[in-house]
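Here is a briefing on one protein model. It covers the core, the surface and the backbone.

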Amino acid sequence: PVRALPGARRAPPGGGARMGGAGGGAGSGEIIPAVRSGPVGLDPAQFLPAAASAGVGADVSAAMDAEAEERLVAEMLEPSSVQLAVLSARLTQVRAVLAFWTAGDVRGALAHLRKLEDTAVTADFVRSGALRGCSSLEHAAAILPLLGSVLTHSLFEEHLEAATGAATKLLADFGTLIADTRAAASHGAFAGAGVGVDLSAEERLRRCNACHEEFARIYDACLPLTTKPSRVRQPVTDLCRRLETQLAVGAGDANAPAAALR
């Protein structure tokens, strides 16, 4: 069985989704493939004369003569004010994040991404290779919630792929440190090691716990994706396995489909 996830709004065609609100994300809706034969939500018959559109349901290409096809292409190449507005806003947001990033302000860039709450911009960020600059537990703890939101709220396959790849990389980079630090704390390794309190160790433990909690949320977001036919199905299944093995996420949870992941 798959657990119910927090609601999320459906992403608009061609854009990102807000990381919150009501509706359905990838876990409750159909994933929009990265490679598709036509625009999302577009009925080609609407671009054709009534006579030519009669057989569109069976085979669009067979129903169109050369003139109708030319008109269809011309219509589709016409500038779209809606799409232009979407892409312009997205470009402005990406440039704002880039301004922080080029100034070396990783914390500021991640804080701005959280403020935007836009899955498309977050996906652009992680696909750009920016994670190479996220080299600390602090950075990991800041970006993991963004990845979890993409996996929970986005319907677009390319967004889900980007978030899954980024989460897998962060697990590879910090998983051992997180597991070892939490294990040491559970055995009292930080207690009585000397006079006073080891603030650096306490801070490291706090960040490791924060990362562990976010990885657990990512695991929850990935579970529904392991049963949906898509290009991202195998990567999220592999990520769930690694989270179970390396961080014991989902261990002991009666709802975790461990058998299904084998």
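Is Ala-248 buried, partly exposed or exposed? Ala-248 is partly exposed, at a relative accessible area of 45%. Here buried means under 20% relative accessible area, exposed means over 50%, and partly exposed is in between (1.4 Å probe, protein chains only).

The model is predicted: local features need pLDDT of at least 70, side-chain atom pairs count only at pLDDT 80 or more, and totals for chains, interfaces and linings use all residues. Residues are numbered from 1 along each chain as its sequence is written, and side-chain values use heavy atoms, with hydrogens and water left out.

**Nonpolar core**
- The largest nonpolar core has 48 residues. Such a core is a set of buried Ala, Val, Leu, Ile, Met, Phe, Trp, Tyr and Cys residues joined through side-chain atoms within 4.5 Å.
- Ile-143, Leu-147, Phe-215 and Ile-218 have the most contacts inside this core.
- Contact means heavy atoms within 4.5 Å. Beyond residues up to four places away in sequence, Phe-215 touches Leu-144, Ala-167, Leu-170, Leu-171, Ile-178, Leu-243, Leu-247 and Val-249.
- In soluble globular proteins, nonpolar side chains tend to be buried together.

- Helices are DSSP runs (H or I, at least four residues), numbered from the N terminus.
- In H4, the buried residues are Val-106, Gly-108, Ala-109, Leu-110, His-112, Leu-113 and Leu-116. They pack against H3, H5 and H6.
- Phe-174 lies in helix H7. Phe-174 counts as buried because its relative accessibility is 9%.
- Leaving aside neighbours within four places in sequence, Phe-174 contacts Cys-134, Ser-135, Ser-136, Leu-137 and Ala-140.
- Phe-174 and Leu-137 are 37 residues apart along the chain, with C-alpha atoms separated by 7.3 Å.

- Glu-117 follows H4 and sits in the loop between H4 and H5. Its phi is positive, near 55°.
- Glu-117 has a relative accessible area of 36%, so it is partly exposed.
- Ala-248 is not a glycine, yet its phi is positive, about 60°. Ala-248 is in the loop between H9 and helix H10 (258–261).

**Surface**
- Val-82 lies in helix H3 (residues 81–102). At 59% relative accessibility, Val-82 counts as exposed.

Notes:
Helices (H or I, at least four residues) and strands (E, at least two) are DSSP runs, numbered from the N terminus.
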